[in-house]
Amino acid sequence: VEHIPNLLKLHRQFKILGVYDPSRKVRAFVAEEFGLETFSDLDTLLAMPLDAVVIASPDALHREQSLAAFARGLHVFCEKPLCYGAQDIDELIAARDRAGKVLQVGYMKRFDPSYEAALTLLPGTARTLRYISVEVTDSDAWPFIRHASTCRGDDVAAELIASTEARQREQVDRAVPGLDDPNTFRGFVGAYCSSIIHDVNAVHGLLDVLGVADGDIVGASLFAKGEAGQGAVRLLDGQALWNMVHVATSGLPDYRERITLYFDDASLELEFPSPYLNHQPTRLTVRTGDGHTLSSRDIRSGYEEAFVEELKGFWSAIVDGSAVRNTAEHARRDMMLLAGLTRHHLAQSKHSGVRP
């Protein structure tokens, strides 16, 4: 839906030499739809005369595939979550540094024109920050990709699926030991690591501009059988609170995603469309107060597509030496928070005697 068409559009910066996928159906689709060479074996693809790889495989394969790419001296763009645990991310950071290559994580919201504008238009300071709200209701992609040409590979070998699930279990165990309940496991890898991780990363960027340090976790809940997750972080020694929630609404063809920062006399809100509706602007609204007078200002900074802009950023980091906007260190910080939220949820569940 995104990366292959966008790379093809950016033909001045990129040339796709091949696509690896274990599904014969997907390989046939990619060859017919995009006219690209496909590979059933990753090593064969990596042996091509490549400069870089885009990794958009199941999350549990990110670590080993990134390491394989660095071993070949390739630059890596890897979708989020980079890895589930800080230890695995540290391994990738070391491999990146040994290879002297770029590692960029697929947090496309950092390249959203409205998000970029928000960083410069914050209507308050750390001294006046009171509350951060993140609220996401997500039906997943299905209502928003009907217009796109896609193929779901339902012919992947059972043993490959089983081995990938085993890798996921092993990696999650390293990140959050004792995560035995299946609903909590589903919530960690889904609601937290696959979904609200985007907003965690975006809020971290906003807090950095404000000069607000990481806070203390004071609440967390994985609920709805792992289809939803909530977290609360105490900021500035209790002056402010950051609350976040993600809820999967699989039967509702609607998508809502809002990040709102409240200051004592102003607010800033980002309302994102479904990420698959390309070139739909994110609504950026700044509200200020002057006595009884409320002023509301809507800012539109452009129609650039974040999925495209992040690939341009990847190219620029490789070719021009530009700073990497979404680093592995950023991903490590995000995953430390999400793992901490999960541990808090487990501790609360154990204390209350309630099964997670």
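One cavity of 30 Å³ or more turns up in this predicted model. A cavity here is a set of points, on a 1 Å grid over the protein atoms alone, where a 1.4 Å probe fits but cannot get out. Points are joined across faces, edges and corners, and the volume is the space filled by probe spheres set on them. For the largest cavity that volume is about 180 Å³. Its lining, meaning residues with an atom within 4 Å of a point, has 19 residues, and the closest to the centre are Asp 112, Gln 280, Thr 282, Glu 305 and Ala 306. Helix 6 (113-120) and helix 9 (306-319) each supply at least two lining residues; helices are DSSP runs of H or I, at least four residues, numbered from the N terminus. The lining divides into nine nonpolar, six polar and four charged residues, with Ala, Val, Leu, Ile, Met, Phe, Trp, Tyr, Cys and Pro as nonpolar, Asp, Glu, Lys and Arg as charged, and the others, Gly among them, as polar.

Next, the helix pair. The axes, lines fitted to C-alpha atoms over the stretch in contact, of helix 7 (residues 158-175) and helix 8 (residues 182-210) come within 12 Å and cross at roughly 90°. The two helices are therefore roughly perpendicular, a label for 65 to 115 degrees. In contact (heavy atoms within 4.5 Å) are Gln 168, Arg 169, Val 172 and Ala 175 of helix 7 with Phe 185, Phe 188 and Val 189 of helix 8.

On conventions, residues are numbered from 1 along each chain as its sequence is written. Local features need pLDDT of at least 70, side-chain atom pairs count only at pLDDT 80 or more, totals for chains, interfaces and linings use all residues, and side-chain values use heavy atoms, without hydrogens and water.

How values were computed
On a 1 Å grid over the protein atoms alone, a cavity is a set of points where a 1.4 Å probe fits but cannot get out, and a pocket is an open set with protein on both sides within 12 Å along at least five of seven lines; lining residues have an atom within 4 Å of a point. Axes are lines fitted to C-alpha atoms, for helices over the stretch in contact, and angles run from 0 to 180 degrees between N-to-C directions. Angles under 35 degrees count as roughly parallel, over 145 as roughly antiparallel, 65 to 115 as roughly perpendicular and the rest as oblique.
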